[in-house]
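Have the sequence and the 3D view ready.

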Amino acid sequence: MAILTLREALNQAMSEEMERDPSVFLMGEEVAEYDGAYKVSKGMLAKFGPMRVVDSPISEAGFAGLGVGAAMCGLRPIIEMMTWNFAIQAFDQIINHAAKMLYMSGGQYKVPMVIRGPHGAAHMLSAQHSQCVDHMLVNCPGLKIISTIDPADAKGLMKSAIRDDNTVLFLESEMLYGRSGEVPDGEHIVPIGVGVVKRPGSDVTLVAWNKMVLLAQDVATELEKEGISVEIIDPRTLMPLDEEIIFNSVRKTNRLVVLEEGWGVASFGCHIVDRVVKECFDDLDAPPERVTNLFVPMPYNERLEHEVMPTAERTIAAIKAVLYK
Amino acid sequence: MTQKLSNQLLVAFYKEMLLGRRLEERIGQLYVQQKFSGFCHLYIGQEAVSTGCLNAIRKGQDYVITGYRDHVAPVVLGMDPGVMIAELLGKVTGCARGKGGSMHMFSEKHRFMGGHGIVGGQVPLAAGAGWKIKYNKEDLVSLCFLGDAASNQGQFHEALNMAAIWDLPCIFIIENNKYGMGTAISRTCSLSNLSDRAKAYNMRQAVVDGRNVVNTYNQMKEIVEETRKTSKPILVEIQTYRFRGHSVSDPGNYRTKEEVEKERSRDCLVLLKETMLAQKAAKEDDFEKFEEEIADKVDAAVAFAEDSPEPELDELYKHVLV
């Protein structure tokens, strides 16, 4: 197995799929001649040429919509959003067109498209460049949503996403494109909708995804010193969600904390807690806790930014709260 | 442009436009009789546009997409009118199995990429069809209908820019019926010639009199062939008028009686009838026969739709995901 960065893993997945299937193409701002704003598409223009790795104008709604139309006609577009913050301009195309086309057409028009890019906060990018969009998109039926920063998972899930006949949204993280890990060579497929136990434990279930998995791991290592055993569940796929892996963990630990980047009001974490309370009520020994961003736009100042994001302190406090410690 | 059409073609066009007209009149009645609900935007007055444009393309091969005033285009492309009306009535025999309704007619078989309810939202999709044609090096065009007011939308401009920089074989057709809902286009657009929007994208442009189906067809034929040959997009403004309100529930009080009467005097059906009589393509009593023939078709379509079953409840969760 090779050690690859997240950006290399994504690059490998897209390149392998483009070699396999000539109907797959990549389009987005700076993906071709600039080699990608975050270099995820590095070298792909040289390999596949300008019809398959395409620099778009700065027109998010426009090229997302072009992707929808091309997908309806039989191509398989990968649309890169420089960040999901900008993709908010394309929400009409994502929500009103991509997600609903199959349904509105009574099953006639599929939209097999991947829209990918980083989301969430990076570092001192302020309010308009730090947003999590998962909670805005998960409640729209007709989409699949993947959120991961693990290089091996990213490769396997990206390959699944490109082969999927639905529109799949892929949420990455710009801070973690350079983070490396072991990635299986060649045909490595991770199915959409299957979560993973990132760390087994017995005292409390901590559900975390995307870059929050790293914080979860730090916290779990820290708490191990105090004799608290944390089980980390990374659902990897928000829609469809692997509910069973979460339920099974809660049935074992009897305690739940959800750690999510992004605002907590009507968030995806709310949905997880709702499902767990409904399905595992008798197994719970404490009310579930959630750790989220504070409910303010992201400030620029580094100290304030750090305070807005979920911290180890707040996560530890939440875990101790469900343990009554 | 003034090129004469064969008698046979004139008769075919007349019947097609008459079918559109009578279908829409019946749809208006069904709506008032509360046989169906939701929004219902009638196309009455604009029939020469769809007949002129859609007969100029290769039906079933070239791609077509439109906005929410979408009952007539799919029928001109070959959709069974009964299937269209069944969709209006929400029946499972409708083109979208009763899940699309008035604004979302679709027919993959006819390469009709749908009616779309978000003003201007369909324009980038048409660019996507153009991209697919170019990507696969096909000898096809992508035809996109939109209303005059949709040309104020950002997505329209983004799509035209992309079509222009990439030489996509797209024909963007503004059906200028002079009103975006109840607001005159002169109040919302600084241009008097909407096709001038093309200049911003170094794109070809054309203006077409959409009351005269012979002109519309001839002009569109040239435009389609040129686009097929060069893969250069074009913005076409087709001047037309909707005789009814924006939707069935709109009495259209923002327009004067005089204006509507004046516009009705240039009814595309009346103009074509005059041409046909002058060219001896048909005699006066032929038109009664056309009416009878079309009335039978409309009756059959409505009967099929009314006799069709509702979708079963298990239809609800079908087609959310593939």
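The biggest contribution to the lining of the largest pocket comes from E3(B), with three residues. Strands here are DSSP runs (E, at least two residues), as helices are (H or I, at least four), numbered from the N terminus. A pocket, on a 1 Å grid over the protein atoms alone, is an open set of points where a 1.4 Å probe fits, with protein on both sides within 12 Å along at least five of seven lines; lining residues have an atom within 4 Å of a point.

This is a predicted model: local features need pLDDT of at least 70 and side-chain atom pairs count only at pLDDT 80 or more, while totals for chains, interfaces and linings use all residues. Residues are numbered from 1 along each chain as its sequence is written, chains are lettered from A and ligands numbered from 1 in the order written, and side-chain values use heavy atoms, leaving out hydrogens and water.

Back to the largest pocket: 30 residues line it, and His41(B), Tyr68(B), Arg69(B), Val119(B) and His246(B) lie nearest its centre. For the second largest pocket, 18 residues form the lining, with Lys211(A), Met212(A), His306(A), Met309(A) and Pro310(A) closest to the centre. Here H9(A) gives the most, four residues.

In the table, Ala, Val, Leu, Ile, Met, Phe, Trp, Tyr, Cys and Pro count as nonpolar, Asp, Glu, Lys and Arg as charged, and the others, Gly among them, as polar.

| Pocket | Lining residues by class |
|---|---|
| Largest pocket | 12 nonpolar, 13 polar, five charged residues |
| Second largest pocket | 10 nonpolar, three polar, five charged residues |

Now for the rings. Phe, Tyr and Trp (its six-membered ring) pair if their centres lie within 6.5 Å; planes under 30 degrees apart are stacked, over 60 edge-to-face, and the rest tilted. That rule gives 14 aromatic pairs over all chains. One of them is the edge-to-face pair of Tyr31(B) and Phe36(B), at 5.2 Å between centres and 80 degrees between planes. Both Tyr31(B) and Phe36(B) are buried (under 20% relative accessible area, with a 1.4 Å probe and protein chains only).

Trp131(B) and Tyr135(B) have their ring centres 6.4 Å apart and planes at 40 degrees, so they make a tilted pair. About one helical turn separates them, because they sit four residues apart in helix H5 (residues 122-135) of chain B. Trp131(B) is buried at 2% relative accessibility, and Tyr135(B) is buried at 12%.

Technical notes:
Buried < 20%, exposed > 50% of the residue type's maximum accessible area, 1.4 Å probe, protein only.
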